[in-house]
Amino acid sequence: MTSGTGAPGRFDYCPWLFRGSASEEERQAQLAWQQGLVKRLVEQGGEAELAGRTFVSPWAGVFTDRLRMGEGSYVAAYAYVTDDVEMGRDCTVNPFATVRGRVRLGDHVRIGAHSSVLGFNHSTAPDRPVHKQPLTSAGIVIGDDVWIGSGVVVVDGVTIGDHCVIGAGAVVTRDLPPWSVAAGNPARRLRDRREVPARRAVPQGLDARLERFADRAREQAAELLGRCRAQGPDGVPAFADRPGAPRTVRAVCDAVEIAQLLLGAPPPGTTAEELAALLRGLQDPGTGLVPEFGAAPPALDDDAAMYHILCVGYALDLLGSGFAHPVRAVHALDPAELRARLDGLPWRTAAWRSGHWVDGIGTAYLRNIEGFGLYAEAADTLFGWLLTHADPWHGMWGRPGAADRWLQPVNGFYRLTRGTFAQFGLPLPYPERAVDTVLAHSRDTAFFGPDRGNACNVLDVIHPLWLCARQSGHRLAEGQEWAREQLGRLLDRWQDGEGFSFALEPGGTREQMPGLQGTEMWLAIAWLLADHLGISGALGYRPAGVHRPEPVRKGLTRPR
């Protein structure tokens, strides 16, 4: 929690954590802030009423004539709320969202990051300039139990019925009846949400299995994290993937992600401040890259350093901090140099490694924009290259190989799209063709079966299926059937007090031993599989780090 000075903290960006994790001092500071906000709004001639258990970030722009917030509702940092807004119980306005005009939200409404709910408009008569046109306001009404994804625009005059789900990036220009699942620009109704259980054929009791699994994981989280504690530099706690393994940067980040996911706090025995200082101190000021413990300053061809852009950046987010320096090695790439590097990647033989590099580059652009206001011209070059090099026949970058068939292109697709299209909330170029290819790969018995399918390979199938489903319902039932099989498999492979191994099949190899990497990945995979089946709520957690479902930024736009 912040006081409105300095920089926003963890609760400002992740206010859903406030209720369960805030200290008494932080609760009192939030209460005092709310009292001051209500006083300011009333003194300005408005009305304001905030029920219990609400949270309003001091970094939100709240300038309303009338504000009503029901029990348990929150407004996150950099949200913009004006005019006449009424929220029911347990409503959320996430970071960078805009709610303006006359807006009525029912109970349990979720408004994703970077969305705009605009309950007003300008007249457009040709007799005067737009800036002199009068404002009109028919108002917006949103019913109960509505999820508005990230980057959605809802225009004035629209009514969204109860229980609707609006896909990321949609533009809602017309009323939607209750239980609608809608997406697109303009948004169109894809199906009735009540049809999902029958079509997805979720086994009876799977929700209960998910709940029991998540409860078990939460109960054992402190134990599995404790077994992987290692001594870092200068006595600062660090982590190893598993007992006896060397400490690594990734293990620290995995520990932070697991603790946040299951406990809503830093790993037991550590503090957010000391872990953030450890990770920030590793960053090389010259390149902005993060080397492995004890390694020399890295360059852009260092695979570990490229992944650290992601895992360290997101771990610092969860710790309420951020990079100390921009990723200068990426910012310095000019468009011609970037194109040459992209052309030179081994797309035909090693699409996964190529996608891994793009993943790091795209995330570096994101971090430089979000954290430092640095926009590189080469970022436009990156997305232009990707759009013109995606194969319209199979939706991938790269080609299948004689030995591993679609493994490299599909795994590369996941890494590439995560760092670019997914994080920036941009549509994929050929989602239907990508689904065809990913489903074909998912049936390859060399990689998938009752005792086959490691964390990378399963993640590299479910994330593309999940991401493509945000744009298209193409072959959705087939992907859901595969997700159901994988979910049933992984729920039986948790090892008490130790978590998941990277490869779920039994054996004595490193990949078959439980550790932080396997646990972090499979927890995120479980959420994606369950969400593809429409039952992720049973887990009681939602990834907020490397595998977060929401984009960080809507579009490739210059910072203001």
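Biologist: Is the crossing of α13 and α14 left-handed or right-handed?

Modeller: First, the ground rules. This is a predicted model, with residues numbered from 1 along each chain as its sequence is written. Local features need pLDDT of at least 70, side-chain atom pairs count only at pLDDT 80 or more, totals for chains, interfaces and linings use all residues, and side-chain values use heavy atoms, with hydrogens and water left out.

Modeller: Now handedness. A crossing is left-handed if the near helix is turned anticlockwise from the far one by less than a right angle, and right-handed if clockwise. The crossing of α13 and α14 is left-handed. Helices here are DSSP runs (H or I, at least four residues), as are strands (E, at least two), numbered from the N terminus.

Biologist: At what angle do the axes of α13 and α14 cross?

Modeller: Axes are lines fitted to C-alpha atoms, for helices over the stretch in contact, and angles run from 0 to 180 degrees between N-to-C directions. The axes of α13 and α14 (residues 431–442) cross at roughly 125° and come within 10 Å. Under 35 degrees counts as roughly parallel, over 145 as roughly antiparallel, 65 to 115 as roughly perpendicular, and the rest as oblique. α13 and α14 are therefore oblique to each other.

Biologist: Which residues of α13 and α14 meet?

Modeller: Contact means heavy atoms within 4.5 Å. From α13 come Leu407, Val410, Asn411 and Phe413; from α14 come Ala434, Thr437, Val438 and His441. Classes next: Ala, Val, Leu, Ile, Met, Phe, Trp, Tyr, Cys and Pro count as nonpolar, Asp, Glu, Lys and Arg as charged, and the others, Gly among them, as polar. The contact of α13 with α14 has five nonpolar, three polar and no charged residues.

Biologist: At what angle do α11 and α13 pack?

Modeller: About 0°, with their axes 7 Å apart. α11 and α13 are therefore roughly parallel to each other. Residues in this contact include Trp352, His356 and Asp359 of α11, and Asn411, Arg415 and Arg418 of α13. By class, the contact of α11 with α13 has five nonpolar, nine polar and four charged residues.

Biologist: How do the axes of α5 and α17 cross?

Modeller: The axes of α5 (residues 206–226) and α17 (residues 516–532) cross at roughly 160° and come within 13 Å. That makes α5 roughly antiparallel to α17. Their crossing is left-handed. Leu210, Phe213, Leu224 and Leu225 of α5 contact Leu516, Thr519, Leu523 and Ala530 of α17. These residues divide into seven nonpolar, one polar and no charged.

Biologist: Which residues lie nearest the centre of the largest cavity?

Modeller: Arg418, Ala422, Gln423, His463 and Arg548, out of 13 lining residues. α15 gives the largest share of that lining, three residues.

Biologist: How much space lies in the second largest pocket?

Modeller: About 620 Å³. Its lining has 28 residues, with Arg250, Tyr307, Phe502, Arg510 and Gln517 nearest the centre. α8 supplies the largest share, four residues.

Note on methods:
On a 1 Å grid over the protein atoms alone, a cavity is a set of points where a 1.4 Å probe fits but cannot get out, and a pocket is an open set with protein on both sides within 12 Å along at least five of seven lines; lining residues have an atom within 4 Å of a point. Grid points are joined across faces, edges and corners, and a volume is the space filled by probe spheres set on the points.
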